[in-house]
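User: Hello! I would like to learn how to read the features of a protein model, step by step. Could you walk me through this one?

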Amino acid sequence: MTTSLDAIRECLEGVIPGTMATASADGLPNVAYLTQVHFVDSRHVALSWQFFNKTRQNIMVNPHAALVVTNPSTMQQYRLRLEYLHTETSGPLFESMKARLAGIASHTGMSGVFRLLGADIFRVHEVQALPGTTLPAPPSVRNLLAALRASSARLAACTDLEKLLAETLACLDGEFGIRHAMLLMADEAAKRLYTVASRGYEESGVGSEIPFGQGVIGVAARERAPIRIGHMNAEYGYSRAIRQSAAHSGWADALETEIPLPGLPESRSQLAVPVLAAQRLLAVLYVESPQDLRFSYDHEDALVSLAAQLGMAIQLLQSAADCGEDAPAPPGLPARPDGAPLAVRHFAENDSVFLGDDYLIKGVAGSILWTLLQDYVSRQRVEFSNRELRLDPRIRLPSVSDNLEARLVLLSRRLVERDAPLRIEKTGRGRFRLHVARPVRLAAD
């Protein structure tokens, strides 16, 4: 009986190695186990090329092969009739397979042996179910299509970016049963991602950063493709955000400017999905679990679809905040705060801001806060708009994809987390107010 390739993706998770049969130019057969079979689309698979072995030699002279894969839940076997097309040694597919192979190698104690040389692309001419005794399929734990539909409706109801980010993570928890997740916005100019929201961790990690290309999250951002690992692997894990320091300022060097990236101490499954809009990278949605093989191809499809809607929503909400503003609040002087002065120190080299001796934020968000406080101290201003921030040369926003709304969300959350006597309150579309609860004393380095 023939079946479709996309109906047997559970067989391609690497739980049970596939068995591949090839033949030399003169017809001499060879059978070998295969570490990884990767679903590409309904007509193609990619097989991992790791060694210059007999299988590889045969494929180069005779492109036809047979592959048997097994469903780990039912033990149903399928035979695939294949034809070799070409090999990819870079790009999204290669990086996805490289990450998955690293997880498999770590799980089997073969980290020093398994190394992906290329992704061999095969056309699948036929998928045939083989006769034999099978087990009943386990009941489905959750309907992912229903979860996606409910999540889409919830995201569509969000009217501001902060609510959208929080609702996305709430949907992952409530609708999908994914307890540990985070959202990181992209800074294309700096080739880095910064955490703006997380759920399921003791520390939120808001403000933590990761460069493009590092770990599952960074590779997903660089390749703009989902990366999924079913077993823990040190190469693609995270321990701390990379430290950024003001190299030419001894005072800044003596203070801690690292915000730890949130994450499970024993993450067994990881999935990172890029959030795109109009072919532009906006963010990365990352989920993880302490269970092996927690996320399947179906989870990947569902989260890619959710990320597509999230990307459109982010772009729409940011455009709405930029294109129009509510009427400004009535002018008036802010109340004079009481208490001991709050020392705020700014380092221009990386725009890091300290409240007393405590590190708060850096980068564009730090530059925004410093600019607001300068205007507050010199002019007693507390009412601001997105538009004027975008035009203010002191902030030095990137010329493309500045993500101003996301940076304001990041700054607002860091102020709340650090229990700072400063707050940012949204007062309307494209407008916000700075609240200052103590006198402020500014110092620049």
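Analyst: Happy to. Let's start with contact, which means heavy atoms within 4.5 Å. Among contacts in this chain between residues at least 6 apart in sequence, 68% join residues at least 24 apart. Please keep in mind that this is a predicted model, in which local features need pLDDT of at least 70 and side-chain atom pairs count only at pLDDT 80 or more, while totals for chains, interfaces and linings use all residues. Residues are numbered from 1 along each chain as its sequence is written, and side-chain values use heavy atoms, leaving out hydrogens and water.

User: How many helices and strands are in the chain?

Analyst: Helices (H or I, at least four residues) and strands (E, at least two) are DSSP runs, numbered from the N terminus. The chain has ten helices and 20 strands.

User: What share of the residues counts as buried?

Analyst: Buried means under 20% relative accessible area, exposed over 50%, and partly exposed in between, using a 1.4 Å probe and protein chains only. By that rule, 52% of the 445 residues are buried.

User: Is Arg-115 buried or exposed?

Analyst: Arg-115 counts as exposed because its relative accessibility is 58%. You will find Arg-115 in the loop between helix 2 (92-108) and strand 7 (118-129). Leaving aside residues up to four places away in sequence, Arg-115 touches Trp-49, Gln-50 and Leu-101.

User: Now for helix pairs. How do the axes of helix 3 and helix 4 cross?

Analyst: Axes are lines fitted to C-alpha atoms, for helices over the stretch in contact, and angles run from 0 to 180 degrees between N-to-C directions. Angles under 35 degrees count as roughly parallel, over 145 as roughly antiparallel, 65 to 115 as roughly perpendicular and the rest as oblique. Here, the axes of helix 3 (residues 144-156) and helix 4 (residues 161-174) come within 9 Å and cross at roughly 165°, so helix 3 is roughly antiparallel to helix 4.

User: Which residues make that contact?

Analyst: Helix 3 contributes Ser-151, Arg-154 and Leu-155, and helix 4 contributes Leu-164, Glu-167, Thr-168, Ala-170 and Cys-171. To sort them, Ala, Val, Leu, Ile, Met, Phe, Trp, Tyr, Cys and Pro count as nonpolar, Asp, Glu, Lys and Arg as charged, and the others, Gly among them, as polar. This contact has four nonpolar, two polar and two charged residues.

User: How does helix 8 cross helix 10?

Analyst: Their axes come within 9 Å, crossing at roughly 75°, so helix 8 is roughly perpendicular to helix 10. Val-364, Ala-365, Ile-368 and Leu-369 of helix 8 meet Leu-404, Arg-407, Leu-408, Leu-410, Leu-411 and Leu-415 of helix 10. Nine of the residues in this contact are nonpolar, none is polar and one is charged.

User: Why would contact residues be spaced three or four places apart?

Analyst: An α-helix has 3.6 residues a turn, so residues three or four places apart point the same way.

User: How much of helix 8 and helix 10 is buried?

Analyst: Both are mostly covered. In helix 8 (residues 363-379), twelve of the 17 residues are buried, including Trp-370 and Asp-375. In helix 10 (residues 404-417), twelve of the 14 are buried, among them Glu-405 and Arg-413.

User: What follows each of these helices?

Analyst: Gln-380 follows helix 8, with a positive phi near 60°. After helix 10 comes Asp-419, whose phi is also positive, near 50°.

Technical notes:
The expected span of a helix is 1.5 Å times one less than its number of residues.
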